[in-house]
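Subject: Structure handover

Hello,

Here is the structure we talked about. Please open it alongside this note; what I found follows below.

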Amino acid sequence: LFLLDCRLKSSVSFLTRQDRPNLAYCKLKGRNPGVIFLPGLNSNMNGRKAAALEDFCSSLGHAFIRFDYTGCGSSDGKFEECTIGKWRKDVLSILDELADGPQILVGSSLGGWLMLHAAIARPDKVSALVGVAVAADHLVTAFKKLPLEAQKEIEEKGEWKFPTKYNEEGYYSLTSDFIREAENHCVLNSPIPITCPIRLIHGMKDDDVPWQISMQVADRVLSKDVDVILRKTGQHRMSEKEDMKLLVNTVDDLIDKLATLA
């Protein structure tokens, strides 16, 4: 039994890219549809949701990939130089270079925003989406909600200290350039051309990303097969045991569904 508990976790590899920083990733070989996990802002591929999904895919024999964006975790590059556009390209690199056949993307927070972009860019490859506390447009929306004086000050200083409870400083430092570039990637202002099945899980006690964003995404996507699952006591990270169970069951149901569709 002891040996079973020490199951070998997938080891870290690097995707080398011309003119772009190398991306750290872990990949389990297995059958389709594969599952790819997209972490949140300033997060990495070693979180509890990624681990739970890897265990689940491993037990089912399905392919699974988790990875770190440029400037995050074990990947190369500087976080300060990153943009939504660069991270979007990271996701597409993973899809194009490492993933074979149809994939289910699971995006957490900022990863949920990026998974929408990936589904728009690679409709043949992305066969379903699962969002956890999807933060579509959220950094831009939050910035625009600041008083004008505060916005001006941030633009003059070139730095926005975006409040967070997930590090000791109590904020993430983002450049004003980051926000300006992010505006080019907003998706909620018009219909979102995604037609695959979509499941959006959001905690109603989320103090970071309002659950209403998941409702907006559901409303905006062209897909008819969209479920929003609101968890009344759920927090932003959705990493309690019951939250994990919900996430894994949601992915499991989609795998079954895609099998019957195929």
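Start with the pocket lining. H2, helix H5 (138–144) and strand S7 (159–163) each supply at least two residues of the lining of the largest pocket. Helices (H or I, at least four residues) and strands (E, at least two) are DSSP runs, numbered from the N terminus. A pocket here is an open set of points on a 1 Å grid over the protein atoms alone, where a 1.4 Å probe fits, with protein on both sides within 12 Å along at least five of seven lines; lining residues have an atom within 4 Å of a point. The volume of the largest pocket is about 750 Å³, counted as the space filled by probe spheres set on the points, with grid points joined across faces, edges and corners. Its lining has 32 residues, and the closest to the centre are Leu-41, Tyr-166, Tyr-172, His-236 and Arg-237.

Some ground rules. This is a predicted model: local features need pLDDT of at least 70, side-chain atom pairs count only at pLDDT 80 or more, and totals for chains, interfaces and linings use all residues. Residues are numbered from 1 along each chain as its sequence is written, and side-chain values use heavy atoms, with hydrogens and water left out.

Confidence next. pLDDT is the predictor's confidence in each residue, from 0 to 100. The protein averages 93, and 96% of the residues score at least 70. Over residues 1–8 the pLDDT is below 50. Where pLDDT is low, the predicted coordinates should not be read in detail.

Now the core. A nonpolar core is a set of buried Ala, Val, Leu, Ile, Met, Phe, Trp, Tyr and Cys residues joined through side-chain atoms within 4.5 Å. Buried means under 20% relative accessible area, exposed over 50%, partly exposed in between (1.4 Å probe, protein chains only). The largest core has 57 residues; Trp-87 and Leu-129 have the most contacts inside it. Another core, of 22 residues, lies apart from it and includes Ile-201.

Thr-250 sits in helix H9 (residues 241–261). Thr-250 is buried, at 6% relative accessible area. A polar atom of its side chain lies 2.6 Å from the backbone oxygen of Leu-246.

Last, some backbone details. The peptide bond from Asn-32 to Pro-33 is cis, with omega near -5°. Pro-33 is in strand S3. Met-238 is not a glycine, yet has a positive phi of about 45°. Met-238 is buried, with a relative accessible area of 3%.

Best wishes

Note on methods. A polar contact is a pair of N or O atoms within 3.5 Å; within protein, one must be able to donate a hydrogen and the other to accept it, and residues adjacent in sequence count only if both atoms are side-chain atoms. Contact means heavy atoms within 4.5 Å.
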